[in-house]
Amino acid sequence: MASKTDTMRHFLILFFLLWTAGVHAEPLDRIVAVAEDDVILESELERQTGTIVRQLRAQGAPLPPPSILRRQVLERMILRSLQLQLAKKAGIEVDDETLRQALLDLARRNGMDLDAFRQAVENEGMDYAAFVENLREELMLKRLRASQVNSRIQVSEREITHFLETEAQSDPLQASEYRLGHILIATPEAASPQVIQKAREKAERLVAELRQGLDFHQAALTLSDGAQALQGGDLGWRKLDQIPTLFAELVPKMQKGEIAGPIRSPSGFHIIKLLDLKGGEKHLVIETHVRHILIKPNEIVDDAEARRRLNLIRQRIEAGEDFAALAQAYSDDTASAVKGGDLGWITADAVVPPFAEAMNRLKKGEISEPVQTPFGWHLIQVLDRKQRDDTPEYRKQRAREILTRRKIEEDTELWLRKLRDESYVEIHLD
């Protein structure tokens, strides 16, 4: 890093050379700030200030006094310059292909192709080359912050638990209210094993009948020993913290209309039904039980040969041969081949997109045409599908993301302040 003396000498020499170019030269563009090895010119500040003014006016926001606005814009430019210099010294670069993909992503998000996006940028009065270079710098800064701040962020299980118990109560996933139906098949205090077994069998028969369509309200009126029997077992609307501890872990995992039980307690055997719920959401995922046969291209087997082999295997399966046996004999996925190609129950985000797309299109029992992924060529068969409520896991992951984002914002602010304080900066505003 250049010393303060070297930096100032550089600017004095530059100023002297420009000044001695003659009195008829164009007026000098004044330096308004020095940030380490970089300078910020008055024309750059005016251009950036003008952009901010237009943005604020478009938003209908009040404008601060010009002197304050110029100072705020200049501080932002200084911080950006310091970060870019640090990124370059750290060897952080953004190659042309990464930049092209970022531009394509921006275009797609605006419903355009790249040519239309370029035209839209120019229609807004912006220089497209400058826009692209600015995007490259933004990607560099993102990588710099990831290395300087994000990589150090940690969120503990205790922090997640505390968040879910306190702040997340306003979360729609947390704010559910449940309306429960309840039936109790009571057992006396100090009941004999025979009496307990008889009550258990009665409760199990009743659960089976309820699942086959027996009216819950009527069954509670006639069979329940619970306090709400005369209300048809209706416990009314309750938040999770108002639900008996015996059911509290079970209820959030239930679907509307689902019956659970018998649940043993000192008072007997309980049967509950989720009559309704409101104010809350559930996060449901589709799980697929799938198996496959993989052929990997190599020096001997090219893509065409891999497809040909899989098509022959597919014909043999359709002719009646066992998928699992053929997977054991021919699949290059050794981990699943020993299990007949079985990958178990998976979600779409657990596999690469081409595999997931093909898997999601298949009906139960159907076998795909050969599908290419980065791993090779696959035959895919869906064995079964089910829907799973992963709301607790999803809520926990969302809490982790919220806490991580907060910490990144806080630590980035501290890091930027430290960078600014420890850097050589001179300001030459009026």
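**Lining of the largest pocket**

Modeller: The lining of the largest pocket divides into 11 nonpolar residues (Ala, Val, Leu, Ile, Met, Phe, Trp, Tyr, Cys and Pro), 13 charged (Asp, Glu, Lys and Arg) and eight polar (the others, Gly among them). This is a predicted model, in which local features need pLDDT of at least 70 and side-chain atom pairs pLDDT 80 or more, while totals for chains, interfaces and linings use all residues. Residues are numbered from 1 along each chain as its sequence is written, and side-chain values use heavy atoms, without hydrogens and water.

A pocket here is an open set of points on a 1 Å grid over the protein atoms alone, where a 1.4 Å probe fits, with protein on both sides within 12 Å along at least five of seven lines; lining residues have an atom within 4 Å of a point. Of the 32 lining residues, Gln48, Arg80, Asn134, Glu137 and Glu138 are closest to the centre. Two or more residues each come from β2 (38-41), α2 (42-59), α3 (66-89) and α6 (128-148), these being DSSP runs numbered from the N terminus (helices H or I, at least four residues; strands E, at least two).

The largest share, nine residues, belongs to α3. This helix also packs against α15 (residues 391-422) at about 90°, with axes 10 Å apart; axes are lines fitted to C-alpha atoms over the stretch in contact, and angles run from 0 to 180 degrees between N-to-C directions. The two helices are therefore roughly perpendicular (65 to 115 degrees). Contact (heavy atoms within 4.5 Å) involves residues including Leu79 and Leu82 of α3 and Trp415 of α15.

Conventions:
Parallel < 35°, antiparallel > 145°, perpendicular 65-115°, else oblique.
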